[in-house]
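Biologist: I'd like to learn how to read a helix and its surroundings in a model. Can you walk me through one?

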Amino acid sequence: MAEAMVHSVIGLPSVSLSPSVNCLQFSEDGQAILLAKHAVYILTPDVGINVELSAVMKQANEPAPSSRSARPLGWLRTLVEFDRGLQHQWPTDCQDWGSVCLGSLDPSLQALAPSPAHLTANAGCVLALLNSNLELTIWGAAKNFLTGEILQDVTSLLKEAAAEETGSVLARTLRAQSTCIEWTLQPDWGHTPAPLIDASLLAVGNRGGSVTFLRFDRALRRMAIVDNAAVSDRWVTHLAWSAWVKSHDGTSEAMLACGAADGSVTILTVIQTLAFKPSLSKFSSDHELVVSIRRHEGIGYDADGRAITGMKWANMQGRNPVLIVHKAGTIHLLAVPSPVAVWAGCRTLYLRARPRSVGSSALCPASGICFLPNLDASVVTLSDGSFHVVHRISVDPTLDADLSDVVTSDALSAMSRSVFLLAEPGKMSVKDVDQVNGMTAYDDSSTFMWAYEALRPTDFSYKHDAKHVSTLVVAQLWQEDLDERVIRELAECVARPVSGFGKTPTCHLRSILLHLRDPQRIARLCGRILDVLRHTPCNEPPPQLVISPYEGDGSTKFSYAFVDSLRTHLFGWKSIQSQRIRYVVATYCQSGSAVAEVQSQFAEAANHFISNLRKHMLLVLLRHLSAVKTLLNASDIYFARRTILLATIPAVPPALSKEAEELLSQLPVPTDTDHANATVPDSLDELCPACHAPIPLQDPENAVCPNGHVWARCCVTSLLLATPTVRTCVGCTRKALLPAPEDGAPVHDAGWLPNSARGSWVLRDLLDATRRCPFCGNNFVTLV
């Protein structure tokens, strides 16, 4: 096997980790989340985002040029510090020995679970954090998804729920002591356009042998209990969700594996039914989610007294998933019976040590489990640094590789050891152990990401926390045709995109953007990439906007429905998300190419996709303005006239221009009693903040005055930006005005908005609906 290609080596001083299959994982925001003893490190790869080079972490030890790609993969880092103060004193709740928590002696973080995207005001994720005192908290972003705050103490909620149940004081206390957590992704209901519905569930196992299901309320920024299920008379120590599968219209199912302290595994089937109810507003439909939970009697694992160290599902296309359970020295596979399954039931595979160092052992705990669908194989890493490959997992699982298999346990273990020797600055020997504490697949293929710590077990001297140094590595462990992979995966991404409420395009394209960092690959594949971007059809239907006219007053419920309709039509159409993906790839290749001709070709393609996205946004605005034209005040009419003017410039299709002209003829005339008249100008020209010269609305991107002053425009409203109080897209760096405050304050109290816009409720709702960039689909951040 050839030499490993090392993309990144990042040193993390004073970072102490514990081996866990969830120690290192990716969120739907595209960030890697590393769980340390006293902090959570949130690491953002510098591909697909625009940041200052000074903010990117430096490589710990620069590998030799022959062993890595042309440009090292950089990372931006932030951390969530752990407050070691205890919020709950369990002895005050119960004096029984069974409620004693030894983790309170040295509090530390024990587990984390990232939520799906679009749960915060900035369309980001929240984190569920579990500490060694069995306390559960929710962390969320404050002004951007790089920094945040603690949102809720969930343990207090669990205590309140347990107090209402029957049983002894000890039993109620044990049900409030959380031991493990796992968050589901969002199910795909198959609706077009996809509505923004949070159907994700946070499963929380406890010492009482039950699992509590909670859901995050975006409006209240709080978790709410949905249901509870008893699974064992022992502690629930591990949880693992399978992917959601749509059984029929309006119903999705997922399986939750619950591992207990006695080594048993219970499978719960969770069924969610989505029912829409008619709404008076006609803009959006109210919905109701019904959750039912039942025990899966067809499969499970009996107690054997052996502790579980890791558990993950291998989700496969066209058949039921397979559960991978690791215990010391063994891997257990559980497959649910189905008509298309080749095998079902439980199988046990026995591990053997891979000699790498003096610490090599098959009895070490698991530190990573991932499934590689292209190889029909699963990779399990142990804390001794060894990699173990389970081949043909859907057909006939085995640890024994065929002669034709390039990916084998011995080969991956040897390759990871060579990366360790390459990354460490000093001379390493067989006495030095690369303890892998977390591992995940970076691209679902040959590139892996893992965190290790160099140890010497034969040295029995004490090593305090400040001396622990962890290293984060991203490396390709076997050779493959990356050019063909890039083209194949790119075609798949643009043909079958997810909705704009799921993963960001940067996260969805993580594998592709990683391998397109090489300018030579971009030049080599230029023609094929452009052919895929321009000519690969999207399998999703094109937008069909049918907005019924509204007849009623502008109540609060109507405003919620109007925002929901705007958001759904801006981000719910998967075919429009396909255009955003094409635009992101085109601009990334344009900036990463070193050839002027190639740059111009990708720039031309990017302009084409941005034009399609702007046409869609104008169409959404025109249809919604037409539906509520009887409710428009003077500020709304001013904003509508600006939108109509942008829809009649020469580059806009004639059909869209005709629709804009029809709306212009139907706009009402502001009344004399309209208080917004005093602040709304008659002319659509804006005044230059520097010289007060009039600036006509001719370019939706920039405003240029006759004296040469250039100002950026808001990418959502096209208003001139003359304030530093804006939000910036991390992908395309476009800027937008901030939405109205979340505390319900009226939009006219927002001092950063121009006078002509403060009285417009349409503009307020539009800013509220666009929590992500409408052009590249990435997150906004507010710079302080």
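Biologist: What caps the N-terminal end of α12?

Modeller: In this predicted model, N633 does: a side-chain oxygen of N633 lies 3.0 Å from the backbone nitrogen of S635. Helices here are DSSP runs (H or I, at least four residues), strands are E runs of at least two, and both are numbered from the N terminus. Residues are numbered from 1 along each chain as its sequence is written; local features need pLDDT of at least 70, side-chain atom pairs count only at pLDDT 80 or more, and totals for chains, interfaces and linings use all residues. Side-chain values use heavy atoms, without hydrogens and water.

Biologist: Why is α12 said to be largely enclosed?

Modeller: Buried means under 20% relative accessible area, exposed over 50%, partly exposed in between (1.4 Å probe, protein chains only). In α12, 11 of the 13 residues are buried, so the rest of the structure largely encloses it. Among them are I637, Y638 and F639. Their cover includes α11 (596-627), α13 (654-666), β29 (686-687) and α14 (761-769).

Biologist: And how many disulfides does the structure hold?

Modeller: A disulfide is a covalent bond between the sulfur atoms of two cysteines; the cut-off is within 2.5 Å. This structure holds zero. The sulfur of C732 is 3.6 Å from the closest cysteine sulfur, in C773, too far for a bond.

How values were computed. Contact means heavy atoms within 4.5 Å. A polar contact is a pair of N or O atoms within 3.5 Å; within protein, one must be able to donate a hydrogen and the other to accept it, and residues adjacent in sequence count only if both atoms are side-chain atoms.
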